[in-house]
Amino acid sequence: MAPRQAGDSAVEVGGVEVAAPVSRAALEDRLRDIQSITDAALSRLDDRDLLAELLERTRAVLLADTAAVLLLDFSSGHLIATAAAGLEEEVRQGVRIPVGRGFAGRIAAEHKPVILDHVDHSTVLNPILWAKGIRALMGVPLIAGGKVIGVLHVGSLTPREFTSEDLELLQLAADRAATAVASLTAQEDRVAAEALQRSLLPSTLPVAGGAEMSVRYVPGEGRVGGDWYDVFTLPSGQLCIVIGDVTGSGLPAAVIMGRMRSALRAYALETADPAEVLARLDAKMQHFEPGALATVLYAVFDPGLDRVRICSAGHYPPVIASPGRPAEQADVPPGLLIGAVPGVRRRVVTVGISPGTLLCFYTDGLIERRDQRIDHGLARLCRAVKAEPPDTACVTVMGALVGSEPVPDDIALLIFRRQP
């Protein structure tokens with residue numbers, strides 16, 4: 001909009017900017033309207049109730065007949081009707097508007113308000129709006145973290161010219177709505193990601209003759225990540241241990257982690273070669289999850305537990321401790337991450353396991369700290385790992401590397417020992 005003179009307001013209607021004087025009484029009314037939208041009582045509502053109450057207040061303050069919020073689904077590029085007052089059929093019918101098309105789509109694409117004083121099939125894509133008899137529309141973008149996450153619009157069933165004061169009030173409501181939506185989305189994503197992780201991580205470790213195992217899993221204080229582990233046996237009697245980390249965080253990383261876990265288990269039933277399993281997993285991810293990256297370490301123990309074959313896709317090697325000897329990292333080639341380069345073959349290393357030998361598998365949350373070099377964390381881990389009962393070893397490792405400090409990232413720790 002062009003700069004306004006003091007005491008005047010300006011609004012763009014149909015591409016034409018119109019100025020109108022603002023009286024003192026009108027300004028006082030507007031202050032009361034702002035107080036209604038920003039009322040502290042709204043802050044005491046949960047995010048869903050806040051959004052519903054905000055739409056009702058916005059409709060009342062602007063003397064509008066309808067109010068609706070459409071949220072952007074980033075994966076499909078569509079705005080999806082999520083909440084409404086006076087226009088509930090939009091939500092109930094699951095209205096979807098492509099970004100860049102129609103009234104709401106234009107607002108999302110251009111990142112700026114739009115006012116329409118004429119509503120029909122030529123200006124509005126959603127037939128519900130013009131079939132309902134809406135004559136004028138005003139909409140603004142919902143912005144959170146510098147990104148458009150949706151659109152808030154109000155409508156009138158009678159001819160009307162919305163003013164710049166109306167527009168500013170609607171933008172104020174949109175800012176409150178964006179805060180509520182961002183908070184609600186973050187909460188729902190975290191709850192879903194945590195539930196998904198809990199459902200996919202083994203509830204109990206399998207029993208394998210001569211094997212002792214213990215595990216620790218600690219979610220980070222930030223968003224839920226893609227750390228995962230798995231332990232299972234094959235029909236041949238071989239014991240398999242998997243540990244990995246999907247790049248990214250939140251629900252998207254947790255979903256990819258779940259898909260990888262299921263695919264790896266399926267490929268493990270088809271071939272006993274760890275490198276072939278990771279190759280098939282890589283091909284699957286390259287095709288169906290382009291852009292996703294993950295580290296994975298896959299270890300297959302012989303039925304007698306006297307040796308293990310290990311293959312790594314960019315994951316840290318396990319730390320090995322034998323009775324009477326200091327712990328050290330296993331000499332396992334790191335290999336390329338899953339999803340990095342198509343058609344890569346990774347090397348398999350065979351490690352002998354004498355009775356009493358312990359292997360410590362872990363994710364980077366255990367050893368990485370922002371203010372320390374990674375070598376320092378690895379050295380601390382090697383000093384902490386000893387050939388002792390796995391549960392005791394878990395306590396020792398977590399005490400030495402975590403202690404009472406907050407955990408910024410997820411930690412997965414799995415310790416295996418061949419019985420003495």
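Predicted model: local features only at pLDDT ≥ 70, side-chain atom pairs only at ≥ 80, totals over all residues.
Guide: Welcome! Local features here need pLDDT of at least 70, side-chain atom pairs count only at pLDDT 80 or more, and totals for chains, interfaces and linings use all residues. Numbering starts from 1 along each chain as its sequence is written, and side-chain values use heavy atoms, with hydrogens and water left out.

Visitor: Why is α8 called oblique to α9?

Guide: The axes of α8 (residues 250-270) and α9 (residues 274-288) cross at roughly 140° and come within 9 Å. Angles under 35 degrees count as roughly parallel, over 145 as roughly antiparallel, 65 to 115 as roughly perpendicular and the rest as oblique, so α8 is oblique to α9.

Visitor: What makes residues of α8 and α9 count as meeting?

Guide: Contact means heavy atoms within 4.5 Å. Among the residues that meet are Met260 and Leu264 in α8, and Leu281 and Met285 in α9. By class, this contact has 10 nonpolar, no polar and four charged residues; Ala, Val, Leu, Ile, Met, Phe, Trp, Tyr, Cys and Pro count as nonpolar, Asp, Glu, Lys and Arg as charged, and the others, Gly among them, as polar.

Visitor: What makes a set of residues a nonpolar core?

Guide: Its members are buried (under 20% relative accessible area, 1.4 Å probe, protein chains only) Ala, Val, Leu, Ile, Met, Phe, Trp, Tyr and Cys residues joined through side-chain atoms within 4.5 Å. The largest core has 53 residues, and Met260, Leu264, Leu281 and Phe301 are among those touching the most other members. Its largest share, eight residues, comes from α8. Another core, of 31 residues, lies apart from it and includes Val61 and Phe162.

Notes:
Axes fitted to C-alpha atoms, helices over the stretch in contact; angles between N-to-C directions. Helix = DSSP H or I, 4+ residues; strand = E, 2+ residues; numbered from the N terminus. Buried < 20%, exposed > 50% of the residue type's maximum accessible area, 1.4 Å probe, protein only.
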